[in-house]
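Subject: Structure for you to look through

Hello,

Here is the structure that I promised to pass on, and below it you will find my notes on what turned up in it. Please keep the structure open while you read, so that each element can be found as it is named.

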Amino acid sequence: MSLGDNGGTAAAERAVTEAHRREWAFVLAATARVVGDLDVAEECVQDAYLAALETWAREGVPRRPGAWLTTTAKRRALDVLRRERILRAKMPLLVEPGEVEMDEFDGESIPDDRLRLIFTCCHPALAREAQVALTLRLVCGVSTADIARVFLVSEPTMAARVTRAKKKISVARIPYRVPDAAELPERLDTVLSVVHLLYTTGHTASSGTDLVRADVIDHALNLARMILALMPDEPEVRGLLALVLLTDARRATRTDAQGRLLLLEEQDRSGWDRAAIEEGGRLLAGAFRTGRVGRYTLQAAIACLHAVAVSYAATDWHHILRLYDQLLSVWPSPVVALNRAVAVSMVAGPQAALDELDALERDGRLAGYHYLPAIRADLLRRLDRPGEAAVAYRAALDLADNEAEREFLAARLSEAVDPGSGRSPEG
Amino acid sequence: MPQYAVVVYQPAPADPMEISAEYAEALERYPAQVEELGGRGVAGYALQPSTTATAVRGDIITDGPFVEAKEVVAGFFVLEAPDLDVALKIAKLNPVYLDGGGVEVRPLFVPPAE
């Protein structure tokens, strides 16, 4: 069958889009290792995708698009390096000796270097914001303009941030490798934090009117899946993917039709994504079976108990509280202690939780965190102390940035000030 | 092999005659640890306390270190290491933390080849 011009072009476009989504990281990681320069590799991988559009439309889509793209990108990169004679002059990416084969062109046996790329992007010597930006750009293939939009900075600012980070990798000689066993736990934790931060960035856009950024969540999910496929024996990777799936299963019900934020207890549980909950539950069971339970697995277990409960009241709060105790022991963070206080309120009543909050307030580390006064306000509301609740709602409103969350707090505030205002006029 | 400056910071005034016995003792062991981890000390210096420093900005001369801060430069050494991971491992073992200090690791500038 011969393809007409339009048919070939359309098929090539589809194949290139698909290859961009599925193989970008693989192609870039392999190219970077061979050419030893992230910048040149990135440019040449982009060129290879452009070339694919034209060549594949003319000659058909190759059997293994990823291998075709990698080989094309590597050839271009080596040409660029030879032409510019920067092979020696530039600081090459540090790859362990004996591993670089400049003529590795057979396309059949391209080693998977994605883990090197991920660990390099998430190196602890880079600032957290640079780690996230580099991971989005180099591992997920997101354009600098799109990354800038996610983090609400201008495109030149984001471009400068990415360039600075790449320059540091090359000048400070951050090695292009997977850390050794001794360093791995700590380094993997950094990688997982980056993926989790990306997820939370999408889950609650820190400002703006939309609560959720679906594209950012998808990148976080894809990254977690990629890392799990590459490191199947690490329980915390499994735990993180489970956490993202189980939390994201509630995405559709987190706001109402007007974009107003709905609390867990108000959400329509029939709208939760059952397939995601089941997959999350299976992953979670796998992580627990290893006996090495870390903070992501424990958070996922808490999310799972919420996801499988038939109602807010029927949730297994005693089990949740035990998991929070365990979580606090492996991860003594004041934010965990704050969330634990909510579980305390469901097991031992709002007054007991209020005492925990007092302790957290004295601790001071959560100053400026709007969920602290927001939770205090809710506990006071439940204790029927509207005057004090109003003060706390105002404090939370002063600190919150997200429009959906602000609207929710404002509505609760007016209810506290005027108990009739929250109900419909007919009510 | 790349070279890094390891700049050692300590609470002011960072007097080398006032360091703790614990720190002094650990410093004795440090060069062997550097070699063991695959690094090499190229050169190193400790400085007199920051109270002896004089800052010069063009024509203006002022008493004290260039940047007023709670922590000041106490010394520095040039470290040769295969990559940043090794340099950071070596930096982590620097015993200055025993006296409440820390270090900054910064690659030396290599002029681009012609």
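Before we come to the helix pairs, one definition is needed: an axis here is a line fitted to C-alpha atoms, for helices over the stretch in contact, and angles run from 0 to 180 degrees between N-to-C directions. Please note that this is a predicted model, in which local features need pLDDT of at least 70 and side-chain atom pairs count only at pLDDT 80 or more, while totals for chains, interfaces and linings use all residues. Residues are numbered from 1 along each chain as its sequence is written, and chains are lettered from A and ligands numbered from 1 in the order in which they are written.

Chain A

The secondary structure of chain A consists of 19 helices and zero strands, where helices (H or I, at least four residues) and strands (E, at least two) are DSSP runs numbered from the N terminus. Of the 427 residues in chain A, 41% are buried, which is said of a residue with 20 or more other C-beta atoms within 10 Å of its own, whereas 12 or fewer make it exposed and anything in between partly exposed, with C-beta atoms placed from the backbone.

Helix H9 (residues 184-203) and helix H11 (residues 235-248) of chain A have axes that come within 11 Å and cross at roughly 5°. The two helices H9(A) and H11(A) are therefore roughly parallel to each other, a term for angles under 35 degrees, while those over 145 count as roughly antiparallel, 65 to 115 as roughly perpendicular and the rest as oblique. Among the residues of H9(A) that meet H11(A) are Leu188(A), Leu192(A) and Val195(A), and the H11(A) side includes Val237(A), Leu240(A) and Val244(A); such contacts are counted when the C-beta atoms of two residues, placed from the backbone, lie within 7 Å.

A second pair is formed by helix H15 (residues 334-348) of chain A and H17(A), whose axes come within 10 Å and cross at roughly 10°. That angle makes H15(A) roughly parallel to H17(A) as well. Here Leu338(A), Ala341(A), Val342(A) and Ser345(A) in H15(A) meet Tyr371(A), Leu372(A), Ile375(A) and Leu379(A) in H17(A).

Which residues of H18(A) are buried? They are Ala389(A), Ala390(A), Ala392(A), Tyr393(A), Ala396(A) and Leu397(A). These residues cover an arc of only 170° around the axis, which puts them on the same side of H18(A), the arc being that of the directions from the helix axis to the C-beta atoms. On the other side of H18(A), Gly387(A) and Asp398(A) are exposed. The cover over the buried residues of H18(A) includes helix H17 (371-382) and helix H19 (403-417) of chain A.

Chain B

Chain B has two helices and six strands, and from the N terminus on its elements run β-α-β-β-β-β-α-β. Buried residues make up 23% of the 114 residues in chain B.

Four strands of chain B form an open sheet in the order E2-E5-E1-E6, with antiparallel pairing, where two strands pair if DSSP finds at least two bridges between them. Strand E2 (40-46) and strand E6 (102-107) of chain B stand at the edges, each with a single partner strand, so one side of each is left without a neighbour in the sheet. Neighbouring strands of this sheet are turned by 25° against each other on average, direction ignored. Helix H2 (residues 84-92) of chain B packs on the sheet, where it touches E1, E5 and E6 of chain B, and its direction makes about 160° with that of E6(B).
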